[in-house]
Amino acid sequence: MEEKIGRVVHYYTNLGVVAIDLTDGNLKVGDRILIKGHTTNFEQQVESMQIEHANVNEAQKGQSIGIRVKEHVRDHDIVYKVT
């Protein structure tokens, strides 16, 4: 099952890192996410995440996080938590 939790704000190509606004849900390290967009559609496990360059284990709705992703994503792609 997929639960929408946020959207991509920016993708840092040189770092392979995506900035995500958590608009609809929470996220923890170890959760599986699905990122979908016009040309994006892949799933991966969250291995680590940061808020303001500090490592955190979980983030709440309303926060902005950064995570490393294995594929290219685009601004405005939608992020889902897979349960």
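Me: Hi! What does the side chain of aspartate 31 reach at 2.8 Å?
Reply: In this predicted model, the aspartate 31 side chain reaches the backbone nitrogen of lysine 28, at 2.8 Å.

Me: Nice. Where is aspartate 31 placed?
Reply: Aspartate 31 lies in the loop between strand 3 (27-28) and strand 4 (32-36).

Me: Is aspartate 31 buried or exposed, and why?
Reply: Aspartate 31 counts as buried because its relative accessibility is 16%, and buried means under 20%.

Me: Which residues does aspartate 31 touch, leaving out those up to four places away in sequence?
Reply: With those left out, aspartate 31 touches Gln44, Gln45, Val46 and Lys81.

Me: Switching topic: how many residues are in the largest nonpolar core, and which have the most contacts inside it?
Reply: That core has 19 residues, and Val18, Leu27, Ile33, Ile35, Ile65 and Ile67 have the most contacts inside it.

Me: Which elements give two or more residues to this core?
Reply: They are strand 1 (2-12), strand 2 (17-21), strand 4, strand 6 (49-51) and strand 9 (64-68). Strand 1 gives the most, with 3 residues.

Me: And what does valine 18 touch, not counting residues up to four places away in sequence?
Reply: On that count, valine 18 touches Val8, His10, Tyr11, Ile65, Gly66, Ile67, Val69 and Val73.

Me: Last one, threonine 83: buried or exposed?
Reply: Threonine 83 counts as exposed, at 60% relative accessibility. Threonine 83 sits in the segment after strand 10 (78-82).

Me: How far is threonine 83 from isoleucine 33 in space?
Reply: The two are 8.9 Å apart, C-alpha to C-alpha, and 50 residues apart in sequence.

Note on methods:
Residues are numbered from 1 along each chain as its sequence is written. This is a predicted model: local features need pLDDT of at least 70, side-chain atom pairs count only at pLDDT 80 or more; totals for chains, interfaces and linings use all residues. Side-chain values use heavy atoms; hydrogens and water are left out. Helices (H or I, at least four residues) and strands (E, at least two) are DSSP runs, numbered from the N terminus. Buried means under 20% relative accessible area, exposed over 50%, partly exposed in between (1.4 Å probe, protein chains only). A polar contact is a pair of N or O atoms within 3.5 Å; within protein, one must be able to donate a hydrogen and the other to accept it, and residues adjacent in sequence count only if both atoms are side-chain atoms. Contact means heavy atoms within 4.5 Å. A nonpolar core is a set of buried Ala, Val, Leu, Ile, Met, Phe, Trp, Tyr and Cys residues joined through side-chain atoms within 4.5 Å.
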